[in-house]
Amino acid sequence: MDEVRGKEGNKAAIVGVCANTFLTIFNITIGVISGSYALISEGAHTLSDIATTIIAYAGFRIGQKPADKEHPLGHGRAEAISGLIIVIFLTMVGYEIITGALDKIVNHSVITSPDSIAAIMAVIGIIVNSAVSSYLISLGKKINSPAIIADGQHQRVDVFSSIAILIGIVISSAGFPILDPIIGLFIGFMILKTAYSVGRDNLNIIMGKIPTPDLYEKIEKVATNTKEVYGAHNVQIDYLGSYAIASLHIELDPNMSLDDSHKIAHIVQENILNDVDIVKSVTVHACPYGLEYDHRQEINK
């Protein structure tokens, strides 16, 4: 699985950098030629996409590193941390675009209607961004990578902004040039909204929020379907973004030998690791079936 994740992560980085380099060059070039502030704003945004793709890939690679003495649970949270760094970039770009647009609107800067070539670039932007964002988000979900999903969500903003740019160019050409910087303002706020969503999702990962409550039920089901196991409880999950660490208690025959209960505990561990893909490590504690007691109690003397 780790080898597959590595290969898919490499693909995501290459696709993201190549697509955004293309869009950055042409958005800014066409924006300057056509006089479209919205298109230049989008070019600045796609320039930041290159940086965030590299950041996402760096976080992905660090998250792939195996556990060591200093990081016994692995490096999975590195992906969520890279997602938060992406949020910083998004916020900075959004702020710059918003302030630039407000300056044009409030100070009544000279605004001209963009040339029709800007509309063609907006259409190209819609097509390219739709394809890239869908690919990154789909791939990120496939290999369970918060960093790549965050990068895909970032890219998806460009789809809506390109649509807004196209509409703005058409209306501006009809005699309302003020709409061009207004669209730039809209793009800025869209970027800030995405920053908020990406930041919230990655903070939840760092705080250990599980992706779905069904994960508890799935682990319990695998455990209780194991031969000789009467029940499972006290399931604990530590979610690190691309994988999870779990622990649980299983209920066994109280007359079973320590040797047999130890073997069954390991069988349950293997079953969970094999059947619940997201779980990378699991610890199983054996309890006597039918006895009600507090797990914090002291041994009777």
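**Cores, salt bridges and overall form of a predicted chain**

The largest nonpolar core has 37 residues, and Leu39, Ile86, Ile148, Ile165, Ile183, Ile187 and Ile191 have the most contacts inside it. A nonpolar core here is a set of buried Ala, Val, Leu, Ile, Met, Phe, Trp, Tyr and Cys residues joined through side-chain atoms within 4.5 Å. Buried denotes under 20% relative accessible area, exposed over 50%, and partly exposed the range in between, with a 1.4 Å probe and protein chains only. At least two residues of this core come from each of helix H1 (2-34), helix H2 (37-64), H3, helix H4 (117-142), H5 and helix H6 (179-206). H4 gives the most, with eight residues. A second, separate core comprises 26 residues, including Val229, Ile250, Leu252 and Val284. In soluble globular proteins, nonpolar side chains tend to be buried together.

The model is predicted: local features need pLDDT of at least 70, side-chain atom pairs count only at pLDDT 80 or more, and totals for chains, interfaces and linings use all residues. Residues are numbered from 1 along each chain as its sequence is written, and side-chain values use heavy atoms, with hydrogens and water left out.

The protein chain contains eight helices and three strands. These are DSSP runs numbered from the N terminus, helices being H or I of at least four residues and strands E of at least two. In sequence order the pattern is α-α-α-α-α-α-α-β-β-α-β.

Two residues illustrate the surroundings of individual side chains. Ile86 touches Thr52, Ile55, Ala56, Ala150 and His154, when residues up to four places away in sequence are not counted; contact requires heavy atoms within 4.5 Å. Phe160 lies in helix H5 (residues 146-173) and, leaving aside neighbours within four places in sequence, is in contact with Phe186 and Met190. Phe160 counts as partly exposed because its relative accessibility is 42%. The C-alpha atoms of Phe160 and Gly241, 81 residues apart along the chain, are separated by 27 Å.

The whole structure holds three salt bridges, each defined by a side-chain nitrogen of Lys or Arg within 4 Å of a carboxyl oxygen of Asp or Glu. One of them joins the side chains of Asp238 and Arg77 at 2.8 Å, N to O. This pair links distant parts of the chain, with Asp238 in strand E1 (residues 231-239) and Arg77 in helix H3 (residues 77-106), 161 residues apart. Asp238 is partly exposed at 25% relative accessibility, and Arg77 is partly exposed at 26%.

Asp201 forms a salt bridge with Arg200, with 3.4 Å between the closest N and O atoms. Asp201 is partly exposed at 30%, as is Arg200 at 39%. The side chains of Lys263 and Asp259 also meet in a salt bridge, at 3.3 Å, N to O. Both lie in helix H8 (residues 258-275), four residues apart, about one turn of the helix.

The overall form can now be considered. The radius of gyration of the protein chain is 26 Å, whereas a compact globule of 301 residues would have one near 19 Å; the radius is taken over C-alpha atoms, and the globule rule is 2.2 Å times the number of residues to the power 0.38. The C-alpha trace spans about 90 × 35 × 30 Å along its principal axes. Buried residues make up 47% of the 301 residues.
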